[in-house]
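Have the sequence and the 3D view ready, and try each task before you read its solution.

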Amino acid sequence: MDSNSTYYSCKEIRNLFNIHRSNKVTTCSFTNDENYIISKLDNYDGNFEKLIEDVKNFQNNVIKLHKEGKAPKACQNCSMFVKKNWIDKANDKFTSLVLNHYKTCNLKCKHCYHLKHHDTEKDSDNKLVLELIKTLVRKNSISDDFYINLCGGEPSINKFIDEEIN
């Protein structure tokens, strides 16, 4: 039986899978803190079952830190970090996949993070992203209320976007 207790934590850390640029995998879409980079897609040589396991382990380690009152600074400063009654482990299935792996854009918005910081990261490998999505589906790792959040750049001009969301 799962235990519950009241402490500061976040729903994102429990159920989110985020693909960031340069093939990076995170479980938070609100920070670019290097401590949240779990790994890179290309480190798994196609063994995305192992990546899913590593993401779950990472989530549970961060939840443990939250429960102990030792949350990383990025969590402490986040609006998603709230005190309430939490289950003391990550969700069994992901409720959200954030595709934040693409930055190509036709615009030059002055407020854009990439332009302000001269971001040198590359778009992630779409074939790896697609294979990960297929693995999540095949391994029944997504919840019934699962959704995909398209972020980064201008997703509509990503030539692989139709494959990724179908």
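**Exercise 1.** Find which kind of contact the side chains of Lys-89 and Asp-92 make.

*Solution.* Start with the rule: a salt bridge needs a side-chain nitrogen of Lys or Arg within 4 Å of a carboxyl oxygen of Asp or Glu. The N to O distance between Lys-89 and Asp-92 is 2.7 Å, and the two form a salt bridge. Next, look at accessibility, where buried means under 20% relative accessible area, exposed over 50%, and partly exposed in between (1.4 Å probe, protein chains only). Lys-89 has 25%, so it is partly exposed, while Asp-92, with 62%, is exposed.

A word on the source: this is a predicted model, where local features need pLDDT of at least 70 and side-chain atom pairs count only at pLDDT 80 or more, while totals for chains, interfaces and linings use all residues. Residues are numbered from 1 along each chain as its sequence is written, and side-chain values use heavy atoms, leaving out hydrogens and water.

**Exercise 2.** Decide whether Lys-24 is buried or exposed, and do likewise for its partner Glu-34.

*Solution.* First, the pair: Lys-24 and Glu-34 form a salt bridge at 3.6 Å, N to O. Then compare each value with the cut-offs: Lys-24, at 13%, is buried, whereas Glu-34, at 54%, is exposed.

**Exercise 3.** Describe the salt bridge between Lys-70 and Glu-68.

*Solution.* The N to O distance is 3.8 Å. Lys-70 is exposed at 53%, and Glu-68 is partly exposed at 39%. Finally, count: the rule gives seven salt bridges.
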